[in-house]
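I opened the model to go through its chains, its helix packing and a few backbone details. My notes follow in the order in which I looked things up.

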Amino acid sequence: MRIAVCIKRVPDSETRVKIAADGKTLDEAGVKFVLNPYDEFALEEALRRKEQGGSGGGEVVVFSLGPPAAQETIRTALALGADRGVLLQVDRIPPDGWPVAQALAAALRDGGYDLILFGKLAIDDSNHQVGPMVAELLGLPCVTAITHLDLADGRGTAEREVEGGIEVVEFPLPAVLTTDKGLNEPRYPALKGIMAAKKKPLDVKPTALAVGGLDVVALTAPPARNEGRIVGEGPAAVPELVRLLREEAKVL
Amino acid sequence: MSHVLAVLEQRDGALRKVSHEVVTGARRLADALGENVDALLLAGAAVPGMNELGRLGADKLTTLTNPAFRLYAPEGYARAIADRAKAGGYRAVVFAASATGKDLAPRVAARLERPLAQDVTDVAVEAGAVVAVRPVYAGKALLKVKFAGSPALLSLRPNVFTPVDRPKAGVVEVAAVDGAPGRVTVKQVKAAEAGALDVAEAAIVISGGRGLKEPANFKLLEELARAFGGGAAVGASRAVVDAGWRPHADQVGQTGKTVSPSLYVAVGISGAIQHLAGMRTAKVIVAINRDKDAPIFKVADYGIVGDLFEIVPKLTEEIEKLHA
């Protein structure tokens, strides 16, 4: 199988958010960047499918749209076992998913991939859209946020969590899938992989983004929650808590 | 005509609660634009309850029926909604940021070649442009975006747009349409435990963490949820989901569900940043924890320090008294 995995360089989930002087973007000074955690499930699934195919079968190609520093993110994926990487290089990743989807679709269009995998969302902008947009642009079937996947004879069955249940979805290959937590347990890089990654091909393609239709007005800190209070200690405090919830918070 | 299109949801032939919220969000935009709200539902057959949505501000309510639309059909739905949106020349198309809405909205956006703002917590019109606010960086910041051109596509975070009465004509129409479901087909929806409410949609969420010590002790939280009557669900921290005590579907946090209930009760949860990401937009937060220095108390409106095994049963008893 030929599998493309689209990954994103994102600030680590423990990042303290400081807003840049322009009032519209993250101040990246001192921020640690990582491979988007949801993309780890996509990459792991691709690697397992390739490994199950046995020797000589298949290729896992990693695509990332991002700044020059996203080469590190691609190297991380290569260290985990991907065969080669492509960086669609831009100055800055826009917060609008639509031009990103267009650039990725153009890069993926003639690749002849059986599967194109994405994480279901990136933990920085939580756009939750690039995978299915790429699928539409390429005219491919798509299932999002999958937690289980079976493939056989050119067809797939996936499961995805919906409110109060699990949807069982069937689709033909080639297809675009986006992955959720629960699909698999991503592996950790081994020293051997890290060394091998340095020699794997990484193609850097300067990329011009289409003009999007979504402009950032402001990035702001969320409103501070009102100072909370400790109602008391132990079960004796419960009646007072219930009174406050009824009379002050009015939620009961 | 440049109205606002509200895309409703049904499951098993019943309108979903988020449909009411979508009408309310669409109404808010339509009022600011001086336009009407057209609501659209795709279903296998006519669905009861559509006529009640006029009260929340829908001017027109259209159900497109097709046997292929009984279950969610991603491609068939996307085509039908995109066709409708194109024909109607809408200023905005509003979805729910539910599991279905978050899947459907990007497909429709790509078909319309328009950008999309998902999981929106506020909408407005400023200088004639639709603006939306959405949490980013796991809720650690809010991004305000402005749409250039039409339509603006948005999905609304569940439980944020509380339905309010705003009576409009609510003219109901039902039309049978043709069209295949598409290549991606939902074979079945395996229901979770009967009657279980999803944490993302519950008005009250009682979540447990490692402080519960073992999986069986979650029954204390289930009893408390039951005491609230309907509308309460039991959630879990990542630690206990990773330990296999609770299913991933119940996980609240950055790698789980984002919830905005009116009341969130965190029991035996220390309040790691990734958990706070999933619940900080709750209207009221209560924390019950043994450690008075636990970070959860920093975001909680009300806290009780002490042994949850004594406090939770007492709370259940008090809530039962209220409902007696």
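The model is predicted, and local features need pLDDT of at least 70, side-chain atom pairs count only at pLDDT 80 or more, while totals for chains, interfaces and linings use all residues. Residues are numbered from 1 along each chain as its sequence is written, and chains are lettered from A and ligands numbered from 1 in the order in which they are written.

**Entry 1. Helix 2 of chain A**

I looked at the end of helix 2 of chain A and found A:Gly81 following it, with a positive phi near 135 degrees. I then checked burial, where a residue is buried if 20 or more other C-beta atoms lie within 10 Å of its own, exposed if 12 or fewer, and partly exposed in between, with C-beta atoms placed from the backbone. Helix 2 (residues 70–80) has nine of its 11 residues buried, so it is largely enclosed by the rest of the structure. Among the buried residues I noted A:Ala70, A:Thr73, A:Arg75 and A:Leu80.

**Entry 2. The two chains**

For chain A I recorded six helices and 13 strands. Its C-alpha atoms fill a box of roughly 70 × 45 × 40 Å along the principal axes, and 48% of its 252 residues count as buried.

For chain B I recorded eight helices and 18 strands. The radius of gyration (taken over C-alpha atoms; the globule rule is 2.2 Å times the number of residues to the power 0.38) came next. Chain B has a value of 21 Å, close to the 20 Å that the rule gives for 324 residues, so chain B is as compact as a globular protein of that length. The C-alpha trace of chain B spans about 60 × 45 × 40 Å along its principal axes, and buried residues make up 60% of the chain.

I counted two residues as in contact if their C-beta atoms, placed from the backbone, lie within 7 Å. In chain B, 67% of the contacts between residues at least 6 apart in sequence join residues at least 24 apart.

**Entry 3. Where the chains touch**

I sorted residues by class: Ala, Val, Leu, Ile, Met, Phe, Trp, Tyr, Cys and Pro count as nonpolar, Asp, Glu, Lys and Arg as charged, and the others, Gly among them, as polar.

One helix pair spans the two chains. The axes of helix 6 of chain A and helix 8 (residues 308–323) of chain B come within 9 Å and cross at roughly 45 degrees. Axes are lines fitted to C-alpha atoms, for helices over the stretch in contact, and angles run from 0 to 180 degrees between N-to-C directions. Angles under 35 degrees count as roughly parallel, over 145 as roughly antiparallel, 65 to 115 as roughly perpendicular and the rest as oblique. Helix 6 of chain A and helix 8 of chain B are therefore oblique to each other. A:Val238, A:Pro239 and A:Val242 meet residues of helix 8 of chain B, including B:Ile311 and B:Leu315.

**Entry 4. Helices 3 and 4 of chain A**

Helix 3 (residues 97–108) and helix 4 (residues 130–138) of chain A pack at about 50 degrees, with their axes 9 Å apart. That makes helix 3 oblique to helix 4. Among the residues that meet are A:Trp98 and A:Leu104 in helix 3, and A:Met133 and A:Leu137 in helix 4. This contact divides into 11 nonpolar, two polar and no charged residues.

**Entry 5. Backbone details**

I found a cis peptide bond from A:Leu173 to A:Pro174, with omega near -5 degrees. A:Pro174 lies in the loop between strand 9 and strand 10 (175–179) of chain A. Another cis peptide bond joins B:Ser150 and B:Pro151, with omega about -10 degrees.

Is A:Lys250 buried or exposed? A:Lys250 is exposed, with 11 other C-beta atoms within 10 Å. This residue has a positive phi of about 55 degrees although it is not a glycine. B:Asn159 also has a positive phi, near 75 degrees, but counts as buried, with 22 C-beta neighbours inside 10 Å.

Key: Helices (H or I, at least four residues) and strands (E, at least two) are DSSP runs, numbered from the N terminus.
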